[in-house]
Amino acid sequence: MLTAIVVCFTTALIFAFAGKYLGQMGTYLISLLPAGLFLYFLSLQSELVSSGEILLNYSWIESLGIDLSFRLDGMAQIFALLICGIGFLVYIYAAEYLKNHRHIDRFYGYLTVFMGSMLGLVLSNNLITLFIFWELTSITSFFLIGFNHRDLLARKAALTALTLTGGGGLIMLVGFIMMGQVAGTYTISEILQSGDVFADSIYLGLIILALLVGCFTKSAQFPFHFWLPDAMRAPTPISTYLHSATMVKAGVYLLARFSPLFDGELYWNEALLLFGGITMLYGAINSIFKTDLKAILAYTTISALGIMVLMIGIGSSTAILALLLFIVVHALYKAGLFLLTGALDHLTGTREITRLSGLRTKSGILFVAGILAAVSSAGIIPALGYHGKHLIYAAAMETDLLSFLILSLIVAANLFIICAGFLVGIKPFTGRPNSGNAPLHPTSLLLWAPPLLLGVLGMVAGIFPSYLEAHLLIPAQTGITSVESTAHLHLWSGFDPVFWMSFFTVLGGVGLYLLFRPSHRYSNQLKSLEKISSRYLLEQIIRGTKNFFYFITHLLQNGYLRYYTAVILTFLIFLIGLRMNLGFVSDHQMSFPVDFTFNEIATVAIMVISIFLAVFTSSRIVAVASLGGVGMCICLLFVYYSAPDLAMTQFTIDTLTVVLFVLLLKKLPTYLTKVDTGLNWRDLVISCTFGAMISVIAMEILLTGSVVEGISSYYAENAYQLAKGKNVVNVILVDFRGVDTLIEITVLAVAGLGVFSLIRLHMSVDS
Amino acid sequence: MTTLILRTAAVYLMPLLLLFSVFILLRGHYLPGGGFVGGLIASIALVVYGYANGINQIKMFLRFHPGALIPTGVTLSLLSGTLPLFYSRPFMTGLWLEGTYPIIGQVGTALIFDIGVYFVVVGTALTIIFSIAEDNERD
Amino acid sequence: MEIILAVLIGFMYAAGIYLILRRSLVKLIVGLIILGNAVNLLLFLLGGITKGQPPVIGDAEKLLAGVYADPLPQALILTAIVISFGLQAFAMVLLQREYIQGGVEDLDNLKEEDEEK
């Protein structure tokens with residue numbers, strides 16, 4: 001399994017660089033990758049059914065409990081097959097759809113990275129690895145939405161999507177880490193075994209909240225839904241693959257994965273029911289008022305995702321079975337509809353539903369694909385969609401909580417979804433041909449075959465439902481809920497209440513389709529409601545944040561360098577003060593011996609006077625002389641305290657500094673005489689406080705005692721033995737720490753060269 | 001500014017100070033001193049001379065730009081560090097010749113290293129001060 | 001004596017910082033030099049001070065024994081003194097160039113000069 005993911009990433013890398021030279025052939029070649037992966041996962045099927053799961057584990061960062069750990073179980077298998085299967089269709093479809101596009105190599109590069117990350121996401125058995133793949137899908141999604149990077153709206157949409165899904169992912173990471181800490185492991189299969197630990201944990205609420213935010217943003221649940229319709233700016237194959245069939249279902253996948261752990265805890269079910277319900281209804285109602293085919297599909301996708309979350313919220317074994325089936329159903333028909341839309345776009349040059357009509361004569365084969373997808377979407381017998389609807393109703397009826405309400409909401413949402421499916425799948429082909437359209441492009445095999453294949457597949461699977469059920473759904477469902485569902489798929493289950501409900505929904509949906517005429521008027525009216533939407537709120541938050549920090553930056557960084565220094569120092573004083581406030585380490589009873597001589601006191605006194613002079617004199621020469629005095633006094637101090645080397649160095653350096661200063665003084669300004677008493681006092685307070693703190697810290701360190709003893713004594717003992725020198729300071733410089741000295745003389749050399757070039761540069765500019 | 005006394009004194013002081021700086025450099029391993037201090041004393045010697053007799057005199061005396069001492073010194077120090085590599089010892093291992101000399105003690109790579117430091121310090125200090133002085137003289 | 005030195009170093013810090021916060025170019029340079037000296041002295045003090053026992057091995061002995069001044073901080077400070085000379089020279093020349101080319105003697109004028117560009 002690791003190989004599968006690694007192959008994806010390496011192929012992407014190779015293709016991103018070599019794709020240009022392969023041309024059209026390359027796009028066909030790379031389509032073999034998802035096909036091969038599909039067959040690979042199919043070949044694992046028998047082993048999977050017999051053993052229930054396939055585990056693989058590679059150590060990665062052991063100290064943090066992060067492993068490259070993979071686990072293929074029933075649900076992961078469904079997702080893996082969808083990712084590779086639909087991936088293959090999208091790959092070959094895009095080969096035609098984006099033929100001769102300038103950046104086709106980039107396109108396939110991103111797409112393949114996405115496929116690898118998505119496989120990694122569903123196969124990961126470690127929370128942190130899962131998170132990495134999760135964010136990788138967000139990032140590749142960003143690049144793919146913004147694929148037409150010259151389009152401002154596409155760039156904006158890409159950024160919105162990244163902000164929301166990436167940000168949600170980060171919040172989820174917090175939840176993951178808490179989960180890992182509570183369970184004591186980051187391995188998902190082990191976490192799922194430790195239910196009781198979570199029930200007792202005080203972090204449970206936060207974990208659930210973080211998980212919900214992450215999944216809701218990814219799966220476009222209300223109120224984070226709005227990035228998905230925006231993302232339709234991406235090329236249609238991308239919308240098909242990422243924003244309908246696979247990536248948006250990652251949130252659903254994760255919720256389903258952890259549902260055994262949190263089912264019945266706190267408000268898990270209620271939250272899922274609430275948000276899933278709102279999303280389902282909101283998306284469904286919005287969908288039919290759009291006029292862009294892809295917008296319609298985007299909102300029905302949101303609605304479908306709402307249904308899935310709702311199913312997890314119900315949480316019974318029938319509901320989970322319904323969820324899994326619906327994931328498959330939805331992937332098949334929604335991908336079909338999207339690909340159909342792309343083909344229509346390619347054919348006529350427009351996606352506006354009001355301008356598409358009467359295309360059945362022009363492209364009969366697309367019409368067939370459209371009907372098949374629309375029928376499956378509507379849940380008309382014998383399409384696979386019928387079984388999907390059937391199970392959803394059955395699951396809703398089983399619930400003891402608000403059964404009637406949920407049921408009626410689902411029915412209502414379905415009415416709109418059916419209508420929307422017909423609008424996309426059938427409406428463009430019926431009616432009189434629209435003469436105003438641009439000349440038609442011929443549709444090629446690669447554009448009509450994938451949607452048709454998906455439609456046929458949905459129909460065949462619907463007629464023989466037990467095969468799908470036995471091999472994919474039941475293993476996956478029992479992997480999540482231990483009890484096997486009592487509900488089963490039959491092509492004909494008799495005139496039970498579920499059947500009648502299905503029947504009347506379809507009837508109502510078809511009726512709605514026949515009565516409803518899409519128009520721009522509705523979509524324009526909906527736009528005026530945007531003021532109260534979550535999108536508007538997010539934009540306001542972003543704008544507010546930007547303004548706030550603009551303000552802060554201007555307050556703190558006003559362009560006066562002195563002010564920066566003052567701010568930094570004030571903050572430092574604040575930090576040190578905060579620490580000092582906590583108390584001192586040293587014992588205050590200790591005191592220093594009073595052992596100073598006259599010489600020492602005199603030296604210090606001269607220093608203090610010199611510094612006073614240097615600070616407050618109005619003559620520059622006096623200041624330089626005082627500096628020389630300070631240096632000489634320091635030199636004396638070094639003599640007193642047994643540092644002859646330092647004394648010599650200090651003496652010579654001090655001489656050179658004074659020479660240097662005198663030389664420079666010729667071309668330096670005289671002292672400014674501007675007086676600003678208020679500022680002077682402020683600076684005096686800052687500098688004196690800081691100085692006092694340094695004094696206190698110094699005494700504190702002296703009182704606390706020495707740090708590490710071993711180093712100095714090692715040098716002292718070995719200076720002669722190892723380095724044949726008796727002046728230990730010099731031995732340290734040229735031998736023990738020779739490399740340091742080497743670097744230090746290099747620094748010195750750089751400073752010298754800096755001065756040299758500053759002056760020379762100036763000379764050459766002048767002349 | 002430059003008096004006759006200073007000029008005359010500088011003529012005699014300079015070689016003495018230079019000699020002293022070499023002495024300080026060589027004895028560094030046994031007694032206070034070494035490349036840093038030696039180099040600084042040499043710089044002061046040359047600066048005093050230049051102050052008294054003008055920078056052109058110094059240039060004539062040196063016959064090369066003091067900046068050339070910087071790369072020479074760094075290379076010398078680096079070489080003394082790489083020398084042990086030829087004897088398959090780690091970088092910067094000390095190597096020593098047999099026999100002890102007065103003042104210097106045992107001669108080894110550390111001494112070469114210190115001479116490199118000496119050159120870098122002289123080169124840098126003189127480059128800085130002479131650049132500024134030349135800039136001042138120009139106008 | 002340590003306590004007097006600690007207070008002295010604090011005083012040097014205060015003086016250096018106060019000068020750095022002035023508007024005058026020259027005062028900034030003076031402040032930098034004082035601050036550099038203060039840092040060296042602080043390091044020296046924290047290494048512990050010992051009177052009359054330089055870290056030099058006697059003629060007859062083979063290793064330092066008994067009470068001696070800590071050689072390690074001394075080695076550190078020695079290079080620090082030399083390097084701070086180099087850096088101070090660089091800072092001084094840089095500020096001098098700023099004055100000669102831009103005519104800036106008041107540090108607050110640097111802002112206006114930036115904004116004009």
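User: In the hairpin of β1(A) and β2(A), which residue takes a positive phi?

Analyst: This is a predicted model. The hairpin has 4 residues between its strands. Its two strands, β1 (residues 54-61) and β2 (residues 66-72) of chain A, pair over 7 bridges. The residue with a positive phi, near 70°, is A:Gly65.

User: Is A:Glu265 buried, partly exposed or exposed?

Analyst: A:Glu265 lies in the loop between α12 (249-262) and α13 (268-287) of chain A. It has 15 C-beta neighbours inside 10 Å. Buried needs 20 or more and exposed needs 12 or fewer. A:Glu265 is therefore partly exposed.

User: What separates the C-alpha atoms of A:Glu265 and A:Phe198?

Analyst: Along the chain, the two residues are 67 apart. Leaving aside neighbours within four places in sequence, A:Glu265 is in contact with A:Ala199 and A:Leu204. From A:Glu265 to A:Phe198, the C-alpha separation is 9.2 Å.

User: Leaving aside neighbours within four places in sequence, which residues is A:Leu324 in contact with?

Analyst: Set aside its neighbours within four places in sequence. The contacts are then A:Met75, A:Ile78, A:Leu473, A:Ala476 and A:Gln477.

User: Is the crossing of α15(A) and α18(A) left-handed or right-handed?

Analyst: The helices pack at an angle of about 35°, with axes 10 Å apart. A:Leu337, A:Leu340 and A:Thr341 in α15(A) meet A:Gly421, A:Val424 and A:Gly425 in α18(A). By class, this contact has 3 nonpolar, 3 polar and no charged residues. The crossing is left-handed.

User: Which helix gives the largest share of the side of chain A that touches chain C?

Analyst: Here 84 residues of chain A are in contact with 78 residues of chain C. Several helices supply at least two residues each, including α24 (561-581), α28 (677-704) and α31 (738-766) of chain A. The largest share, 14 residues, comes from α28(A).

User: How does the side of chain A that touches chain B divide into nonpolar, polar and charged residues?

Analyst: In this pairing, 38 residues of chain A are in contact with 43 residues of chain B. Two or more residues each come from α27, α30 and α31 of chain A. The largest share, 14 residues, is from α31(A). The division is 22 nonpolar, 10 polar and 6 charged.

User: What share of the residues in chain C is buried?

Analyst: Chain C has 4 helices and 0 strands. Of its contacts between residues at least 6 apart in sequence, 50% join residues at least 24 apart. Among its 117 residues, the buried share is 56%.

Conventions. Residues numbered from 1 in each chain as written. Chains lettered and ligands numbered in written order. Predicted model: local features only at pLDDT ≥ 70, side-chain atom pairs only at ≥ 80, totals over all residues. Contact = placed C-beta atoms within 7 Å. Pairing = 2+ DSSP bridges. Axes fitted to C-alpha atoms, helices over the stretch in contact; angles between N-to-C directions. Left-handed = near helix turned anticlockwise from the far one by under 90°. Nonpolar A, V, L, I, M, F, W, Y, C, P; charged D, E, K, R; others polar.
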